[in-house]
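The headings below take the topics one at a time.

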Amino acid sequence: MRLSSRPSVYGPEDLAGLRHAVLTVLMSSAGQGPVGPTLAPDSGDVEPPDDAEQHRIVALVDLARKGDVEAFGQLYDHYVDSIHRYLYFRLSSVSLADDLTSETFFRALRGIGSFRWQGKAFGAWLTTIARNLVTDHYKSSRSRLEIVADELPERPADTKGPEEGAMAALTSEVLVEALHRLAPEQQDCLVMRFCQGLTIAETARSLGRSEGAVKQLQLRAIRNLAKHLPEDLR
Amino acid sequence: MRSRLSRRDADVFAAAVDGHAPEAADAARAERLHELVDVATLVRETSRRPTAQRDFVAVLRSQLMAAAADELAGLDETPEPEAHEAGHGAPAQVRVRRRLTAAATAFVVVGGSFGIVAASAQSMPGEMLYPVKRATERVEIMLRSGSAEGRAMLDNASTRLDEVAALAAEGKPDADNLIADTLTDFTDEANDGGDLLLDSYQNNGSQSDIAEVRKFTAASADRLEDLAVSIPSGAATEYADAARAITGLDSTAVNACPACGGQPPVNVNGDLLSAVAYVLDKANTDGIDPSAQASGRRHESISRHKSESSSQQPPAQGDLPLLPDDPITDPPTDSLPGTSDGSDSSGTNSGPKNDSSLTDELQDTTQDLTGGGSNQPKSGGGQDTGVSGLLAPITQPVGELLGGVLNGP
């Protein structure tokens, strides 16, 4: 249900407390003061599953399936960040992510006429296309053994401050590096679940595994990731 | 067993990371769980910001739009039976449907081609001429009033059941939503027609009106029960609604005039269907994945009701996407579902035993409801098959389903 490009349901306030603790650790490790309101996430922090939005997506998919160009454009708008995010975290390169994002959506465009899944599974379908592209990329021998240079994501125009930008960038870099120590399927699972915010069901769909398998996979992946994170971030 | 432990750990972690309060475990495990959830939160937080530059996004969009004009140009415009949500279809689809029907009505009223109207008479939901068929019915309704209108509506409702039966017999994987919608139409038309006839009886005292209703409900009840085994899970809620509506309509008619019409009172597997719908709704609203035992059985038991639908999900869990064109992996068998499921989750052996006694209880109940239906074993398609025999595919899995959930942790 949660196909938005931001992380999905945060749940009740207990998770907000955890987040606060985590961010405090981040900030203190860089010698900053306590977390101020500027670091609080944007509006829509706790997002309940949006039924109206899902209906809209389903309607758009149906229209696009039948040839509506603008509907496809709106689907692109809805999913482009999520797909790019998936690709960035899996490839740790913005330019690569750009290329493969483009490729993903062009393939989607060519394939949408014969899209037979339910409309609400469109996001999982896009992610599957992206994932296949990542696999193909890693298969090409040139890139197998190197982690592409640490390109940092460009800060969007509404960055709130230099310290926070630098902090976030640092964390991002560290995270990506740790992430890439994991087996590919664990990486996929983590990125889908926690970067794109896909549900267990969507992730299972995309990975072609059962939901139970995905739950075990995400636990194993988080455990492994924790091992590779530096002490002060754990 | 290590595998059992880690499955449990995985479930606990999954719940915690999605914001559900974790179960009270010992302090060390709770702390470890918090650590892991923190890591997940860290990942979420770190990846909050868009990674793509806005310029890039905009440029790619215009490239795609330019290509889309060509790529999408060849796609067909005719409305096919599409797979959308169980039940009520996306607003855009409903609008399209209504527009088509309104246009068809105008077409029929203005005296459109006799040939097309005639050709539409046999059309089925999802086909192109189906709106013309419905529009024709509507026009006929418009020309009548009072009890004649009511009777016409009940006739139309019966036609809906014909359509459902045909769709279910075809067993196409995409048909769930057509069947669901048609069942909803049936329910609406039965209620509306029944209301008109009941009103007519109140006003005129004509017993034949009530008799007409009772005849309709009796026939519909039989047909609904026949259909029970072939309704796909995606239409189970609508089926339950239809069954309840018929039962309710019949009892209202009986109360209005107990002596009109000679049939015994009707109850379309009412309790069973309510139980199934209730359990599934409850599982969905609790947000739980019921113990694997129950859910495994639910998947299997509901899969037995489908002909060749490729859906693996129970109707009420809205966040499970369907699998694309996967062949069904649970061929219907006569063995009790779930016995080979593994005794993993609950870890007790009392489950199956309780389930079978619950099943027996359900069978007894249904036999009472159906007026002591015969105990003939289910035979293939024979007219004399006892209703309880027909119900067996429902009572057994439902019994186990209820047993699994009620006896669960």
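## A crossing between two chains

Helix H8 of chain A (residues 184-196) packs against helix H2 of chain B (residues 27-46) at an angle of about 70°, their axes being 8 Å apart. H8(A) and H2(B) are therefore roughly perpendicular to each other, a term for angles of 65 to 115 degrees. The contact joins A:Leu190, A:Phe194 and A:Cys195 of H8(A) to B:Ala40, B:Val43 and B:Arg44 of H2(B), where contact requires C-beta atoms, placed from the backbone, within 7 Å. By class, this contact has 5 nonpolar, no polar and 1 charged residues.

## Basis of the model

The model is predicted, with local features needing pLDDT of at least 70 and side-chain atom pairs counting only at pLDDT 80 or more, while totals for chains, interfaces and linings use all residues. Residues are numbered from 1 along each chain as its sequence is written, and chains are lettered from A and ligands numbered from 1 in the order in which they are written.

## A pair within chain B

In chain B, helix H8 (residues 176-204) and helix H10 (residues 236-256) pack at an angle of about 10°, with axes 9 Å apart. H8(B) and H10(B) are therefore roughly parallel to each other, the term for angles under 35 degrees. Their contact comprises 13 nonpolar, 5 polar and 2 charged residues.

## An enclosed helix

In chain A, 7 of the 8 residues of helix H9 (residues 200-207) are buried, so this helix is largely enclosed by the rest of the structure; buried means that 20 or more other C-beta atoms lie within 10 Å of a residue's own, with C-beta atoms placed from the backbone. Just after H9(A), A:Gly208 takes a positive phi of about 70°.

How values were computed:
Axes are lines fitted to C-alpha atoms, for helices over the stretch in contact, and angles run from 0 to 180 degrees between N-to-C directions. Helices (H or I, at least four residues) and strands (E, at least two) are DSSP runs, numbered from the N terminus. Angles under 35 degrees count as roughly parallel, over 145 as roughly antiparallel, 65 to 115 as roughly perpendicular and the rest as oblique. Ala, Val, Leu, Ile, Met, Phe, Trp, Tyr, Cys and Pro count as nonpolar, Asp, Glu, Lys and Arg as charged, and the others, Gly among them, as polar. Two residues are in contact if their C-beta atoms, placed from the backbone, lie within 7 Å. A residue is buried if 20 or more other C-beta atoms lie within 10 Å of its own, exposed if 12 or fewer, and partly exposed in between; C-beta atoms are placed from the backbone.
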